[in-house]
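Here are my notes on the model you sent over. Have it open while you read.

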Amino acid sequence: MRDGQGLEVANADANAIAALDFLCEEWLVFGKRFDRFMAAVDTEETCALLPVMAANLVLSMNSQEGRALGARYMVRAKAMPGAGAREKAWIEATDAWLAGDGARSLAIHEKLVAEWPRDLLAGKLGQLHAFNQGDAEALLRIGELLLAANEDNHYVRGMYAFGLEECNRIDEAEAHARKAIEMQRKDPWAHHALAHCLEARGRLVEGVAFLESVGDTWEDCNSFMYTHNWWHLALFLIDLDRLDEALALFDKRVWGVWKEFSEDQINAISLLARLELRGVDVGERWADVASYLGQRLHDHFVPFLDLQYLYALARAGRQSALTEMLASLEDRAESAKPFEREAWADCAVPAAHGLAAHARGDHAEAARLLGQAMPHLQPIGGSIAQRALFGAIRLDSLIKSGWNDAAVKILQADERERPSVPSTKRALADLYRKLGRAEQAMTADYQAEQLARKYLAVRGVAA
Ligand SMILES: [Fe+2]
C-alpha cells in the first residue's frame, strides 16, 4: 500500500497507513496527540515502519527512558518481516541514533531523502540530526531536496526556510517562511523560521508584533514548539530592554508546561540566564528548574543540551550534582570518536568549566575558558540564536573581569550586525563611560532611547 505522500509501505493495511499519515501531519504541525499514534503502534503486528517511527519519537525526547523505550520498539520492528529498502534505511538510521551515532543517522537520512524526497519525516528527522550537530549545511541540503519534490507543501517550505536561515541566507529564508505562512497560517515551524530571520536582523519590534499575531495558533502545539516560540518572543523583549515583560513571559508561557522535558528545560534555562545577564533578579526560579535536572548528569545526548543543564545546576548552587556532571562530561569527551572531538573535547569541556566559573563569580577564569571554547561552538548543536547564549556569558565575563577593550570590540561588532538593538547600545554606553569616553557614551544612550521609543510608540505604551 501507499501512504498519503505516495510512498510504498511494506506490510501495511489501511490502519497502518492512516496511523503513519496521522503521525506525519502531527509531527510537522508540532501537535501533541502522539498517544493516538502510539496506541496504533501497540496493536500493529506487521508493518515495521510503525514501531520504527515510535522509536524515533521517543528518542527525540532526549531522555534515558526514551532511549530504553526506543530500543524495545526497534526489537519489535525487526521482528516484523518483509521490510523494503526504505524501511531498512529507517531501521539503520534509528539503530545508529540508539547507539549514539548521530552523524551516521544524519548520513542515512540524507540518502533517504535523496532517494525518497516525498518522505517528509525522513527529512524532519534528518534535519533534527543536522541541528543536533550544528550542521547548517546539511540542514539546508535536506530542505532543498524536500522542496524540489514538495513545492506545494507549506511545512516543507518552513523547513527549507530554517535551513537557509542557519546558513545566514536570511532574505531568502524570510521569503520562504512568509510564503509558507501565506499558504497556511497555522505553521508554527514557519513562524519559528521567520522569528529567527527577524532576530538575525535585529527587527525586534516587528518580531514581537509578528509572534503575537500568530501565537493563538500554538495553543494545541506540543510543549517544545509552544515554549520555544514564546521563548523567541522573550528574546525580542530582552533586546528591547522590556525585562519585566520577558520575565512575565517566562512564568506564563516558557516554564511550566512540561518541566521534565529537555526542550522545555533548555528554553527556561537560557531565558533565565539571559535575564540575569541583563541584571534581572530571577528569585527562586533557578532552584525550581534545577530540581528537574537531577537525572541529567550523565545524559550526554547533545553537548548543547548538557551545557545548559550544567549552567542551571551551577546557578542553583547544586555543587555535588555540578561536580558529578563535570566529571561525567570529561569522561564523555575522553571517549569521543574523532569526528566528535571538537564538540565534546574542544568546546564542551572548557565551556562547562567556564560556565561553572561564571556561575560562581570567577569571571576572569570564565572569560578565559569560554574564550577557549568559542571557536569550536558550532558543532555542539542548537541554532545560531540559541548558541548566542554562550557568547553572551563570555561577554559578561569579559566586562566583569575588566577586559573592557575586548568587550567593546565584541559589542561594536554586534552593533554593526544589528544596529537596531537598544540593549547593545546601552551595554556599549556603559562600557564607554567606564573607559572615559563620555561623548560616545551619550550618543549610544541617546540612540538606545530612540530605539526603545519606537517600541513604545508601536505598542501604545507610555514611557
Ligand atoms: Fe529557535
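Predicted model: local features only at pLDDT ≥ 70, side-chain atom pairs only at ≥ 80, totals over all residues.

1. Residue numbers start from 1 along each chain as its sequence is written.

2. The domain assignment (automatic or from a database) lists domain 1 (1–139), domain 2 (293–402) and domain 3 (406–459). Taken over C-alpha atoms, the centres of domain 2 and domain 3 are 28 Å apart.

3. Now the helix pair: helix 15 (residues 262–277) packs on helix 17 (residues 303–315) at about 55°, with 9 Å between the axes. Helices here are DSSP runs of H or I, at least four residues, numbered from the N terminus. Axes are lines fitted to C-alpha atoms over the stretch in contact, and angles run from 0 to 180 degrees between N-to-C directions.

4. Who touches whom? Helix 15 brings Ser 262, Gln 265, Ile 266, Ile 269, Ser 270 and Ala 273, and helix 17 brings Leu 305, Gln 308, Tyr 309, Tyr 311 and Ala 312. Contact means C-beta atoms, placed from the backbone, within 7 Å.

5. Asp 241 sits in the loop between helix 13 (223–239) and helix 14 (243–254). Is Asp 241 buried or exposed? Asp 241 is buried, with 21 other C-beta atoms within 10 Å (20 or more counts as buried, 12 or fewer as exposed).

6. Beyond neighbours within four places in sequence, Asp 241 contacts Pro 422, Ser 423, Arg 426 and Ala 452. Asp 241 and Arg 426 are 185 residues apart in sequence, yet 9.2 Å apart in space, C-alpha to C-alpha.

Conventions. Helix = DSSP H or I, 4+ residues; strand = E, 2+ residues; numbered from the N terminus. Contact = placed C-beta atoms within 7 Å.
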